[in-house]
Amino acid sequence: MKICRMFLAAASVTLFAAGCSSVKDVTPSDLTVAELEAKQMRAVDPGKRINTIQTSILRQEIKTSNGFLEPETVEMVEIKYQAPDKLSWTTFDENQPVSGWIIDGDQAWRVDYGQKTVDAIGSEKIADVKFMQKLVKPNTKMSEIFEKITVERCTIDDEPLYRLSCVNPGKNPFYVFISATDYLPRRIISDIKLAGGGSTHYDSRILRYQMREGLLLADETIIDQDGLKQTGKVLFYKVNPKLEEKEFRPPVF
């Protein structure tokens, strides 16, 4: 399910970071969720700029491995955000738009540029779309989007981490791992339920951070979704550009 990969890849840029290595040495946490969020925010936003963001543009290169004999697929994802609740998400192939999602308040659409179709997202799916939108917002805290969070200390490959088990009713938990040394996110794991039934296993790791526009962003990410390997790299990030309202409305073909 490609949309899960794309939304969560973008979310990892501002909120989360992340193998198959086992979790060991699980013990009670010495920090509460609120204390850990505060330390994380100071690490990611040392200049306290994040709450001044009214608009933003993010461009990320996504490479997908297609097996030993096939060349990898290279796409570009562009995400435009306008506070408080507008989001435009477009995937490009060879500089041409292929697909997109648009959220404008309580309305949302799925766009297929190749077929020149626009489908409104029904009310039964709006909640899931809005959840993903909140993940992408630069100043969202995990405690604001999950009903229950428990935090523990653990290690993976001898690295000391905090493991946050984040749960909403009727959904599979998200496991978020944050470094116990610099408080930067390292990994997110979840079995994401699919609309048609079943689920897909999602595992994301962040390889490198870079300071952009005053924020420490996850610059390089590796994603494993049911054996599908993808890498993401931030190409461009701009805070508070001028955006037009039409960018958050569905196109007319």
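Visitor: How many bridges join strand 2 to strand 14, and in which sense do they run?
Guide: This is a predicted model. Nine bridges join strand 2 to strand 14 (residues 228-239), and the two run antiparallel. Pairing needs at least two bridges, so the label applies. One place to look is T64, which stands opposite Q230 in strand 14.

Visitor: What makes strand 2 and strand 3 a pair?
Guide: Ten bridges link strand 2 to strand 3 (residues 73-82), in the antiparallel sense. The rule asks for at least two, so they count as paired. Here T55 stands opposite Q82 in strand 3.

Visitor: Why is strand 2 called mostly covered?
Guide: Strand 2 covers residues 55-64, and seven of its ten residues are buried. Buried means under 20% relative accessible area.

Visitor: How do you know that strand 5 and strand 6 pair?
Guide: Strand 5 (residues 96-104) and strand 6 (residues 107-112) share six bridges and are antiparallel. At least two are needed, so they pair. I103 stands opposite A108 in strand 6. The two strands form a hairpin with two residues between them, and G105 in the turn has a positive phi of about 65°.

Visitor: What links strand 6 to strand 7?
Guide: Four bridges do, again in the antiparallel sense, with strand 7 spanning residues 117-120. V111 has V118 in strand 7 as its bridge partner. These strands form a hairpin too, with four residues between them. In that turn K116 has a positive phi of about 55°.

Visitor: Why is the contact of D104 and R249 called a salt bridge?
Guide: Their side chains meet at 3.0 Å, N to O. The limit is 4 Å, so the pair qualifies. D104 lies in strand 5 and R249 in the segment after strand 14, 145 residues apart, so the pair links distant parts of the chain.

Visitor: What makes D182 and R186 a salt bridge?
Guide: The N to O distance is 2.7 Å, and the limit is 4 Å, so the label holds. R186 is at 19% relative accessibility, under the 20% cut-off, and therefore counts as buried. D182 is at 30% and therefore counts as partly exposed.

Visitor: How do you know that K246 and E244 form a salt bridge?
Guide: Their closest N and O atoms are 3.6 Å apart. That is within 4 Å, so the pair counts. K246 has 61% relative accessibility, over 50%, so K246 is exposed. E244 has 43%, so E244 is partly exposed. Elsewhere, salt bridges that share partners join R208, R212, D219, E220 and K233 into one network.

Visitor: How many salt bridges does this rule give?
Guide: The count comes to 20.

Visitor: How many disulfides are found in the whole structure?
Guide: The search finds zero. A disulfide needs two cysteine sulfur atoms within 2.5 Å.

Visitor: Why are C154 and C166 called buried?
Guide: C154 has a relative accessible area of 2%, and C166 is at 0%. Both values are under 20%, so both cysteines count as buried.

Notes: Residues numbered from 1 in each chain as written. Predicted model: local features only at pLDDT ≥ 70, side-chain atom pairs only at ≥ 80, totals over all residues. Heavy atoms only, no water. Buried < 20%, exposed > 50% of the residue type's maximum accessible area, 1.4 Å probe, protein only.
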